[in-house]
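Work through the exercises below with the sequence and the model in view, and try each task before reading its solution.

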Amino acid sequence: MQPINDTTYKVENTEELEVKVGDEKQPEALPRVKIEAWNNEANLSVGVIHDETQDHTMDLVEDKVVWEQGDTTARFYNLDIPELQTNQIDFINEGACTPERIAATYELDRWHLWKNQTIRLHWADKPSMLYYGFYKANEFIDPNKINIPEVRMAAANWNDPMTMDSNLPLICIHYNEERDDLKKLHQSMVQAITEVLDTNGIEVLTSDNPYKLYFQDGNKKVKFFSTAFIDGNYYFYINLDHDYNSSLSYYKDENAEPRNDQYAYGLKAIKPDLPDTILTDVIERYAEIYGLPLVERNFTTEEEATINKIQSGHTKDWVQNATRTDVWRLNAKEQLEKGFEFDITLQSKPDSNIYPLSITTKNLSFYKQEEFTIEDRKKDFRSPRVVNSYAVYHNEKQNNKYKTGKAFHIYRPIIIDANGNEIWGDMEIGEDVLNIIIPQDFLDNATYPITIDPTFGYTTVGASSVTSLNTVLASDATLNSNTNLAAIFAYTVTQIAGSGVAGIYDNAGNLLYTSAAKTTLVGWFNLFFTTIPTIASATYRLAVTSASGAGYGDGAIAYDSVAGTSYSFSKTYDGTLPATMESFTEETSRRYSIYAFGGYQYPINTGSSVAMAATARYNSLDTGNATAWNTSLGQIQQIVPVDTIFSNLSFQLGTAPGAGTSRAMTIYNGGTATNLAATISDTNTTGSDNTDSAYLVANGQTNIANIPTGTPASSSNNKWRMAYTADNQMWAAVSVATLSTTATRYLGVQDQGGVDTGTAAATSTMPNDTGVLQTFTARLTDTTISAGSYTVTLVKNGVDTAAVMTITSQTATYTASTISVTNGDTLYWKIVPSAGTAPSAAARIAISCEYVSNTPGNGVIFGGDGANVSGTTYSSSFDVWNATEANINALCYQHTMKALRVDLSAAPTSTNTRTLTTRINAAGVSAAVTITSTATTGSWSGTQAIANDDKLAFEHTSTGTPANSNLKYAYVFSAPAITVTNNNYIRLPVMGVG
């Protein structure tokens with residue numbers, strides 16, 4: 001929390017939001033918070049209604065803004081995001097537990113933030129029936145048959161009731177997708193189980209479903225292990241000696257058919273002397289494979305208190321009817337969600353149980369999330385904190401950076417008295433007022449003071465979910481004329497055991513296009529269209545479906561209750577979407593979390609003339625490394641200023657790897673390999689991947705990696721091309737040389753190599769195009785500084801602009817304004833170390849921004865360098881001048897050259913000339929510029945098509961004896977259009993363990 005002036009404070013966020021407490025335009029401190037989204041395209045302001053004639057105070061106290069007047073105190077503060085740990089795996093071995101404790105610890109799993117990856121092991125101490133979710137018990141169970149204890153888990157998903165006993169150990173690994181490698185987690189556990197059972201004489205069998213394991217018992221293939229990633233928890237069991245299908249004997253007759261595997265019993269059926277110690281053996285081996293030390297511990301005092309509190313609410317009404325009223329706090333995942341708290345403390349009983357707050361908004365609509373009926377709860381989940389809350393959406397904007405158009409979520413308020421008694425409040429939003437409604441009984445019996453505590457969440461995902469098992473879900477989307485879509489995006493709460501596929505239907509319900517199928521674990525992923533659909537302006541339906549894989553559980557698809565039209569259709573998944581939507585159910589008050597991503601497909605045309613060794617090497621995506629391939633991944637990462645999809649990778653080697661060897665050319669995202677990769681083996685010199693894509697969020701870091709197998713031959717003159725989809729072009733610069741801690745350095749706006757000690761080599765000149773630069777980001781690529789700073793400034797025409805970023809740790813951004821650029825403007829970055837206290841490290845730096853042309857789809861590519869040029873020599877946008885064209889030409893992704901500008905540092909003089917000719921596939925084309933006599937600049941305009949895998953170079957020739965000069969050039973291009981409006985955003989199926 002930083003003061004703007006005497007009356008206003010500001011919180012910086014990374015979610016395209018700006019939060020202010022107070023109002024800098026007013027002379028006095030006001031008790032209100034203003035949240036601005038998308039550079040203030042939409043905003044929300046909420047405040048305490050107070051007596052302006054009475055004295056009040058507002059101060060910053062321990063990073064909270066505290067406002068006081070009379071009996072009322074308001075506190076404004078950003079939610080603290082707990083720090084996750086990555087140095088160990090905690091292991092809590094509970095052993096035998098009562099069934100009630102089993103259910104309570106399941107809820108603890110969801111409520112508690114596990115800072116370390118944590119493994120819990122326990123089992124029920126007696127036979128018992130376990131219900132998942134919010135259906136009534138008698139919908140499944142025949143009450144005349146049940147003769148064992150019954151308990152219920154408050155699950156976000158539902159699953160059929162299951163029996164448990166001491167022979168069915170239940171294990172949970174608490175994960176966080178930002179901290180933990182989920183693919184590695186699952187693979188490590190499967191490997192650990194396989195190895196431990198192998199040493200005990202049991203062969204583990206697999207199936208098409210990677211989340212189940214089996215053993216052979218005569219002619220029976222018996223399931224003993226099943227797992228699922230569910231909302232931060234990787235649940236599984238290792239069945240020792242339990243008849244998993246025994247629950248069916250308690251079901252109503254019409255329900256008593258096996259839903260999943262016909263054979264599902266324990267390992268001791270074939271190995272009666274199998275020791276129970278295999279459980280700890282598996283967990284210990286898992287930790288070894290995963291690569292972190294395993295540290296045993298007990299539940300903390302806080303954790304035990306939470307378990308006891310949950311158990312105290314385990315009433316018969318809850319178990320049988322799935323109804324409860326206790327206050328639920330943020331679950332573990334929600335505790336890592338950015339948000340803002342604004343609580344009000346009242347020292348005495350208010351006159352009314354309605355406490356009004358003032359509210360003003362810009363371009364926003366509010367949608368109340370009503371409580372579900374018991375019928376709804378059979379297939380939908382809405383957390384108690386979401387009941388009667390408000391989802392807040394932009395009135396018009398959706399797609400790309402707007403995603404679903406959801407700006408934030410105002411969660412249900414909690415009312416707390418001085419003794420810690422809690423109760424839910426309600427909310428009603430009207431014109432200029434947000435009324436918080438407190439139950440009158442609570443006010444009458446409370447011990448004062450009481451605190452009213454609403455939360456403003458920054459989530460853009462739907463806050464509720466709907467059961468989906470082999471179900472197609474779709475939402476209407478109005479697309480622009482001649483729209484091209486790159487992908488439909490999806491967010492998985494749990495793994496997809498099969499695969500997901502997306503499609504586009506016309507307004508009559510006819511399937512037009514489908515995406516490539518894709519498997520995933522947890523988190524955001526995109527379903528990429530390998531053939532970009534082109535469609536006319538109309539309303540379409542964006543659809544997604546996925547395999548359940550296991551044949552059990554449900555799918556939790558995120559949504560909000562919002563006015564709009566969506567559709568659902570039950571279908572056994574076979575990897576395709578139905579050809580028509582004839583049987584779909586139409587829904588008029590639901591917005592599924594599905595959205596399509598578009599923009600323009602901008603080209604990356606590049607390579608490196610420097611040799612690659614037979615060990616892992618890294619390079620920048622955009623401009624190539626003119627010096628060498630780097631041995632450090634971190635030093636060479638460039639950053640993307642906005643959400644971006646990379647695709648259509650093609651790679652060419654100068655020298656084949658050789659027999660039995662290969663090079664995997666892979667795009668990385670923040671140090672992790674993506675699926676976008678081209679493997680080149682043996683005698684081949686080319687490879688491509690036109691199917692996969694890599695999605696990077698704003699300020700994400702990326703590079704290309706060469707990962708060899710065997711000892712491939714050294715290869716020079718390696719070239720690659722790809723496309724990236726975004727609203728606007730990205731300008732990226734990366735320094736492979738370190739900055740100075742004492743002297744100013746310079747970097748070109750599209751540069752790769754060493755930083756410059758003077759400005760000449762760094763300066764780029766705009767060709768014949770006009771636009772603005774925006775969304776600036778600077779990052780130290782290889783270190784964090786602990787003292788001093790670097791100030792990064794965009795310089796235009798020799799004058800500092802307003803685009804200034806001061807790095808005090810590792811990253812800085814500038815979004816306050818745009819910088820206009822036009823033909824002839826000179827541009828470069830200036831990096832100045834702090835005086836007095838110098839930066840604590842001589843770091844490398846990456847800088848990026850968006851170029852927004854006044855002509856949509858236009859972009860600019862700069863070339864040339866600060867060295868004198870003479871004779872016949874060649875350049876491309878990624879390297880220094882070279883005498884051999886084949887060493888330097890760039891591999892291209894399709895685009896159209898529209899204008900070319902050439903600038904000299906000195907005129908040729910007299911009748912001497914310098915000519916720059918565009919060459920495609922070693923042949924000159926009409927895009928050429930000749931500069932004669934006293935001129936220092938020249939230009940060409942027209943159109944020159946450049947196709948996929950064309951090789952592009954710029955040839956310098958001269959006549960006479962021109963004066964020494966360096967030559968720089970830049971060209972304007974147009975990219976294929978991809979634009980989208982009015983789309984939504986998806987989570988794909990949650991699956992239960994069964």
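The exercises that follow concern a sheet and the helices around it in a predicted model.

**Exercise 1.** State the order of the strands in the open sheet of seven strands, and find which strands are its edge strands.

*Solution.* Reading across the open sheet, the seven strands come in the order S15-S16-S17-S14-S10-S9-S18, and their pairing is mixed. The edge strands are S15 (212-217) and S18 (294-296), each of which pairs on one side only. From one strand to the next, the twist averages 20 degrees.

**Exercise 2.** Describe how strand S9 is joined to strand S10.

*Solution.* Strand S9 covers residues 89-97 and strand S10 covers residues 117-124; the two run parallel and are joined by eight bridges. Within this pair, Ala 96 has Trp 123 of S10 opposite it.

**Exercise 3.** Determine which strands helix H1 and helix H2 lie across.

*Solution.* Helix H1 (residues 99-111) lies across S9, S10, S14 (170-174) and S17 (233-238), and runs at about 160 degrees to S10. Helix H2 (residues 182-199) lies across S10, S14, S15, S16 (220-230) and S17, running at about 150 degrees to S16.

**Exercise 4.** Classify the crossing of H2 and H3 by angle and by hand, and describe the residues of their contact.

*Solution.* The axes of H2 and H3 (residues 278-290) come within 8 Å and cross at roughly 135 degrees. Because of that angle, H2 counts as oblique to H3. The crossing is right-handed. Among the residues that meet are Leu 185, Met 189 and Glu 195 in H2, and Val 282, Arg 285 and Tyr 286 in H3. The residues of this contact divide into eleven nonpolar, two polar and four charged.

Definitions and conventions
Residues are numbered from 1 along each chain as its sequence is written. This is a predicted model: local features need pLDDT of at least 70, side-chain atom pairs count only at pLDDT 80 or more; totals for chains, interfaces and linings use all residues. Side-chain values use heavy atoms; hydrogens and water are left out. Two strands pair if DSSP finds at least two bridges between them. Helices (H or I, at least four residues) and strands (E, at least two) are DSSP runs, numbered from the N terminus. Axes are lines fitted to C-alpha atoms, for helices over the stretch in contact, and angles run from 0 to 180 degrees between N-to-C directions. Contact means heavy atoms within 4.5 Å. Angles under 35 degrees count as roughly parallel, over 145 as roughly antiparallel, 65 to 115 as roughly perpendicular and the rest as oblique. A crossing is left-handed if the near helix is turned anticlockwise from the far one by less than a right angle, and right-handed if clockwise. Ala, Val, Leu, Ile, Met, Phe, Trp, Tyr, Cys and Pro count as nonpolar, Asp, Glu, Lys and Arg as charged, and the others, Gly among them, as polar.
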